[in-house]
Amino acid sequence: MTSTDPRTVVIRYVEAVRDGDADVIHDSFAEDATWHYPGDLPISKVWRGRDVIINDFLGGMGPILVPGTLEVELVSTIAEGDRVVAEWTSKAKTVHGGTYDTRCLGIYTVHDGKITSVVEYADTRHVAATLFPDFD
């Protein structure tokens, strides 16, 4: 049986991203989940719906990163009620020849064992320079 404890749900999700476990990633989100990526980058907006989050937002990073180079490490979590703050590092080589190496923080809301919303914060200057070098 899969735990519905919010902290456990978020840890399981981040570990699934680290391990490339598409089934667990899919099962971690509520169908109507949202993911807000603040800023003014091409990915900055509120992504709505599990399939859009997985296929368009998360999956949209695939063509930018060199296959097999992504490393994700969970640094810490803090949980209170249905909200979990998770901090992680992401490292990868990019197809633009750079190295994506950043620390991220996400505020996750979990209901009934599913992630219903995420607000992610990252160094948008680094993200722009390494993942979107031609973006103005």
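Reading from the N terminus, the elements of this chain follow the order α-α-β-β-α-β-β-β-β-α. That makes four helices and six strands in the secondary structure. Please keep in mind as you look around that this is a predicted model.

Let's start with the overall form. The chain has 136 residues, and a compact globule of that length would have a radius of gyration near 14 Å; the chain has 14 Å, so the two agree. Laid along its principal axes, the C-alpha trace spans about 45 × 25 × 25 Å. Of the contacts between residues at least 6 apart in sequence, 48% join residues at least 24 apart.

Next, the surface and the interior. Of the 136 residues, 38% count as buried. The chain exposes about 7,600 Å², with carbon and sulfur atoms supplying 49% of that area. As for charge, there are 12 positive and 22 negative side chains, and the centres of these two sets lie 3 Å apart.

Now let's zoom in on one residue, Ser 44. You will find Ser 44 in the loop that runs between strand 1 (29-37) and strand 2 (45-48). Is Ser 44 buried or exposed? Its relative accessible area is 17%, and because buried means under 20%, Ser 44 counts as buried.

What surrounds Ser 44 in this loop region? A polar atom of the Ser 44 side chain lies 3.4 Å from the backbone nitrogen of Asp 40. Setting aside neighbours within four places in sequence, Ser 44 is also in contact with Tyr 37, Pro 38 and Gly 39.

Notes:
Residues numbered from 1 in each chain as written. Predicted model: local features only at pLDDT ≥ 70, side-chain atom pairs only at ≥ 80, totals over all residues. Heavy atoms only, no water. Helix = DSSP H or I, 4+ residues; strand = E, 2+ residues; numbered from the N terminus. Buried < 20%, exposed > 50% of the residue type's maximum accessible area, 1.4 Å probe, protein only. Polar contact = N/O pair within 3.5 Å; in protein donor to acceptor, adjacent residues only side chain to side chain. Contact = heavy atoms within 4.5 Å. Rg over C-alpha atoms; globule rule 2.2 N^0.38 Å. Areas by Shrake-Rupley, 256 points an atom, 1.4 Å probe, with all protein chains shown as cover. Lys, Arg positive; Asp, Glu negative; His and termini not counted. Charge placed at Lys NZ, Arg CZ, Asp CG, Glu CD.
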